[in-house]
Amino acid sequence: MPLHRAAFRGSMGVGLGARYTRALLRHYVACDACLFLVSVPHRSGPVDGYVFGAPLRHLGEIDRRLAVPSAVGMATHPWLLARRAVLAEAWNRVRGHHAVDTTAPDPATTFALVGIGVDPTARGRGVGRALLAGFEQHVDPDAYAACELTVYEDNVAARALYESTGWRCVGPVPGARTLRYLRIPGACGQ
Ligand SMILES: CC(C)(COP(=O)(O)OP(=O)(O)OC[C@H]1O[C@@H](n2cnc3c(N)ncnc32)[C@H](O)[C@@H]1OP(=O)(O)O)[C@@H](O)C(=O)NCCC(=O)NCCS
């Protein structure tokens, strides 16, 4: 939780409060179809980074499961809605992101990277790159034709990380201030 708050400071998810963050992380840790990997620099030390994702076809269901903590977060932090990016993201979640996005890849054969975060004090040392490589290694290339992620256009560090590790930007997501990136599973290191 503290790492998530530090890594995603200023994001909509953190803005929704502790209850939402707890529900989000618990879901990805517990869900069999999802991936949740952590980076632990020393054997008994604290986690300094993590990455999580899910089959693209599950994201609508996950948004629905998180609807109550999302609504409570919005109700208790209403000033979030004054931010245009948050408003656009909330609206997309209500409509169901990929249901209305005709540019999205096939949900049946795509695995989505939902979040990657590194403790601010551990950045710039290859933790993000290692987490991304681990993520790709855990996505079964026989089950999924592609990995996808979306990232805010102005997230310079994350975009540089993705582009330096072979993810390909395929364009903007309609109705959002985000770009979509794709990667072929099993192509790690190429
Ligand atoms: C994006 C993030 C995960 C990168 O983690 P990191 O451990 O610092 O990244 P790495 O040290 O592995 O860097 C790998 C490459 O990413 C790029 N990169 C990382 N940080 C960068 C920065 N601040 N500016 C420009 N490029 C950067 C570089 O190409 C770097 O390769 P290099 O070191 O050979 O130049 C981290 O900045 C973070 O947690 N950001 C906040 C959360 C977030 O925005 N997540 C993405 C959306 S879900």
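This is a predicted model: local features need pLDDT of at least 70, side-chain atom pairs count only at pLDDT 80 or more; totals for chains, interfaces and linings use all residues.
Threonine 150 sits across from arginine 180 in S6. Numbering starts from 1 along each chain as its sequence is written, and side-chain values use heavy atoms, with hydrogens and water left out.

Strand S4 (residues 146-152) runs antiparallel to strand S6 (residues 178-183), and six bridges pair them. Strands here are DSSP runs of E with at least two residues, helices are runs of H or I with at least four, and both are numbered from the N terminus. Two strands pair if DSSP finds at least two bridges between them.

## The rest of the sheet

S6 also has S5 as an antiparallel partner, joined by four bridges. Arginine 168 has leucine 182 in S6 as its bridge partner.

Zooming out, the six strands form an open sheet with mixed pairing, in the order S1-S2-S3-S4-S6-S5. Strand S1 (35-39) and strand S5 (168-172) are at the edges with a single partner strand each, so one side of each has no neighbour in the sheet. From one strand to the next, the twist averages 25°; the angles run from 0 to 180 degrees between N-to-C directions, with axes as lines fitted to C-alpha atoms.

## Around the ligand

The ligand has 20 residues around it, and Ile116, Val118, Gly128, Arg129 and Asn155 come nearest. "Around" means that a heavy atom of the residue lies within 4 Å. Strand S3 (110-118), helix H8 (127-138) and helix H9 (156-164) each supply at least two shell residues, and H9 gives the most, with six.

Now for the polar contacts (N or O atom pairs within 3.5 Å). Ligand oxygen atoms lie 2.8 Å from a polar backbone atom of valine 118, 3.3 Å from a polar side-chain atom of arginine 123 and 2.7 Å from one of asparagine 155. On its own the ligand has 920 Å² of accessible area (Shrake-Rupley, 1.4 Å probe), and the protein covers 69% of this.

## Confidence

The chain averages a pLDDT of 88, and 94% of the residues score at least 70. Among the elements, H9 has the highest mean pLDDT (97), while helix H7 (residues 97-100) has the lowest (60).

Conventions: A polar contact is a pair of N or O atoms within 3.5 Å; within protein, one must be able to donate a hydrogen and the other to accept it, and residues adjacent in sequence count only if both atoms are side-chain atoms. pLDDT is the predictor's confidence in each residue, from 0 to 100.
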